[in-house]
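Hi,

Here is the structure I promised to pass on. Have a look at it first, and then read on for what turned up.

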Number of protein chains: 2
Amino acid sequence: MAVCYTPSTVDDVFPVAGIRLGAVAAQIKNWQRNDVLMIECAPGTTAAAVFTQNRFCAAPVLVDREHLAWQHQHNKSLRAVVINAGNANAGTGALGLEHARRTCRETAVLLKCAPEEVMVCSTGVIMGAFPIDKLLAGLPEAFRRCHEASGTNAAAWLAAAQAIMTTDTVHKAASARVTIDGVPITVTGIAKGAGMIHPNMATMLGFIATDMPIAAAVWQPLLREVADGSFNAVTVDGDTSTNDTLIGMATGQAKISPLTTLNDPRLSVFKKALLDVALHLAQAIVRDGEGATKFITIRVEGGRNVNECREVALKVAHSPLVKTAFFASDPNLGRIVCAIGNAAPPELDVSRVRLWLDDVAVIVDGGPAPSYTEEAGQRVMNQPEITVRIDLGMKTDGASTTVWTCDLSHDYVSINADYRS
Amino acid sequence: MAVCYTPSTVDDVFPVAGIRLGAVAAQIKNWQRNDVLMIECAPGTTAAAVFTQNRFCAAPVLVDREHLAWQHQHNKSLRAVVINAGNANAGTGALGLEHARRTCRETAVLLKCAPEEVMVCSTGVIMGAFPIDKLLAGLPEAFRRCHEASGTNAAAWLAAAQAIMTTDTVHKAASARVTIDGVPITVTGIAKGAGMIHPNMATMLGFIATDMPIAAAVWQPLLREVADGSFNAVTVDGDTSTNDTLIGMATGQAKISPLTTLNDPRLSVFKKALLDVALHLAQAIVRDGEGATKFITIRVEGGRNVNECREVALKVAHSPLVKTAFFASDPNLGRIVCAIGNAAPPELDVSRVRLWLDDVAVIVDGGPAPSYTEEAGQRVMNQPEITVRIDLGMKTDGASTTVWTCDLSHDYVSINADYRS
């Protein structure tokens, strides 16, 4: 399987049959770059999506939830996704909602489809007036570019990944190809976000397309499961944006019988490719976390259930004290112990907790490992990539989970303090 | 009522009859300063205490819980508290527990009391070997100083506040005097902590003494209620230390009949004085938060219950994005909206949410307030003290709560990244 992360050349991206891409510079902000992307999907494309749980979700999220439900209810296609960078259309009330609906209507006119077959995504400043006229003015040109010969090639995917960037310092794309029943199947995705951290700018958006034919009843739970193991398992600072959205597009263009049940034996191979793409996109977001200098993997084992493990992993991942220690390459490991103690359930028997930093045992039997030395801890802390492994000791062969995060640096403060100035 | 915060002169502190204080330099760390404090309480002193909920709580917390239960069960006194700065005796396993017990035993020998009548508190680096010999060597001199003439004066209280400091940049003390039934009653406290944020160093410790006679059955729930409205309502970064402890000491030396029931009509006046002292100590911790440049009050109203309000208030208080915006004096208020959306229950009707920054309406009816201007927002953000008021609109005359926090600055990262170096 070929999987490429943030491809540096167009050779690394496999286009997906049935997907056309058109990016334009609509001047959503006062900048010189593409900032509106149209993804046109062939008729017959099945959509799935996972949205932010933030109660103050943005207008596009409200509209997309409606449109996805409508498509599934009426067995209709997703025909286009329109994404803009520069303005989140969040906290914009009834007017913002009308702007999102109007974008769908005008796109539907271009594609000669129902407005409900269109979805929209926005990312940028919250509560700013949404520049609807600029966005609408860009749609015809975006549509035209979709239908140029170059609208389906690998370069169009990279241009698409660039058009949706905000504070991202690198564009994010990943691609995988697997063979199922002798048929090559492609999964390609793009994403933006510098860590789900910038609610006013760095919303996480992800778009993953495949030519595999998949029924909605399979596609939706599959995408959610994959999102839980990827986009929902990375974190920079624990803030969930008002706009976070992952959309899956199954064009069904591959000459293979569709996945119609979750019991299909072909599902596991496809899911592996999908998860690889999603995970690499998600990890690329963490690696591009604002000010990040280190990539941290936190694995928690020995819990009674996954949620229990996840609570602990996220507490460690979010602790500013743990994160600044990683930034400083300081083996100040009591901070990890403290974070475990804050998140673990009351039933935790601390005398059974074990902690490793890569291969270095730090805590055994709830106390310092006899073999631990400051030098060994320092050696691991100096690395750019570090794995923290925690065994809660609550259950033999218990549940486990993994999350990925980054450190907290001076640059994080600078980027977030100075962003709007 | 005279309440003084971080008194600059001894005139601002009212000593408490029945309390003796002795601070010594025991070299717990390699520094030149007092780092062990003995607080000796007169026979008949009733203790109450509130401890960290961290599951990896330190050895002194485990011992103190036992001793407090023993005192209450056997109707015995608290006779002494021994506090050391420089080492937390946390993550130290069975040996650390024995060191805490031994400190109690040797103190009990000096005071000729039961070891269970002694409590211990430690603050400093987690997982470092505990220098028990240095601590024990300092106890006789600390005891001797308690019995000097100066061991009970206001200067002894200030010296005590200084002896328990770690990363604190100012010592913290507060004092109140009220008259109940014509009898002057004193409440005086000291605290340390730069924001409950430094699990390896800036544990929150608080010690509040009063000459009011109070039965344990009243003192314990009263102290807990006051802690919830003060120490548990301030936060710098959401990390709860392994050692956080608040101990209340009621010496009963005032010539007044004791508070023996929660229905006592005199309770409200006393509670007001106690809360004032606790709140001023707690707020002093936030003001001294590592790198803090702003003091933020977050008030949440209109919830269905206090917990609901508290969840929202703490999410806003802990959001690194909100905190960096305050540091930058940037009216980037979408970040507050986003934090509300992350913490509020699914039943939140965003169209009813209102938000103010001091007197400036920011959000009404779930959207931007028509009267809001960037200039008005900027004016408030420039202030060193700012109040964020959020009406969830979930219930008319609903529950409310207030928490206090500070901003997230470059210095926070520096202090926490560089601390051990």
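Predicted model: local features only at pLDDT ≥ 70, side-chain atom pairs only at ≥ 80, totals over all residues.

In chain A, six strands make up an open sheet with mixed pairing, and going across it the order is β14-β13-β12-β15-β11-β16. The edges are taken by β14 (367-368) and β16 (399-406) of chain A, each of which pairs on one side only.

- β12 (residues 354-357) and β13 (residues 360-364) of chain A run antiparallel and are joined by three bridges; Leu355(A) has Ile363(A) in β13(A) as its bridge partner.
- β12(A) and β15(A) are antiparallel too, with four bridges, and Arg354(A) stands opposite Asp391(A) in β15(A).
- β11(A) and β15(A) pair in the parallel sense over seven bridges; Ile296(A) finds its bridge partner in Ile386(A) of β15(A).

As a reminder for when you look at the side chains along these strands, in a regular strand they alternate between the two faces of the sheet.

Is helix α8 (residues 320-327) of chain A largely enclosed or largely open? Seven of its eight residues are buried, so α8(A) is largely enclosed by the rest of the structure. The buried ones are Pro320(A), Leu321(A), Val322(A), Lys323(A), Thr324(A), Ala325(A) and Phe326(A); note that there is a lysine in that list. At the start of α8(A), a side-chain oxygen of Ser319(A) comes to within 3.1 Å of the backbone nitrogen of Val322(A). Just past the other end, Ser329(A) has a positive phi of about 55 degrees.

Met127(A) has a phi of about 75 degrees and sits in the loop between β6 (118-125) and α3 (132-146) of chain A. With a relative accessible area of 18%, Met127(A) is buried. Asp397(A), at about 50 degrees, belongs to the loop between β15 and β16 of chain A. Its relative accessibility is 77%, so Asp397(A) counts as exposed.

On to the aromatics. How many aromatic pairs are there over all chains? The count is two. In chain A, the ring centres of Trp219(A) and Phe270(A) are 6.3 Å apart with the planes at 55 degrees, so this pair is tilted. It ties together distant parts of the chain, with Trp219(A) in helix α5 (residues 216-228) and Phe270(A) in helix α6 of chain A, 51 residues apart. Trp219(A) and Phe270(A) are both buried. In chain B, Trp219(B) and Phe270(B) have their ring centres 6.3 Å apart and their planes at 55 degrees, so they too form a tilted pair. Trp219(B) is buried at 0% relative accessibility, and Phe270(B) is buried with 0% as well.

Gln220(B) has 19% relative accessibility, and counts as buried because the cut-off is under 20%. Its side chain reaches the backbone oxygen of Ala49(B) at 2.8 Å. Neighbours within four places in sequence aside, Gln220(B) is in contact with Ala48(B), Ala49(B), Leu68(B) and His72(B).

Cheers

Conventions. Residues numbered from 1 in each chain as written. Chains lettered and ligands numbered in written order. Heavy atoms only, no water. Pairing = 2+ DSSP bridges. Helix = DSSP H or I, 4+ residues; strand = E, 2+ residues; numbered from the N terminus. Buried < 20%, exposed > 50% of the residue type's maximum accessible area, 1.4 Å probe, protein only. Polar contact = N/O pair within 3.5 Å; in protein donor to acceptor, adjacent residues only side chain to side chain. Phe/Tyr/Trp six-rings, centres within 6.5 Å; stacked < 30°, edge-to-face > 60°. Contact = heavy atoms within 4.5 Å.
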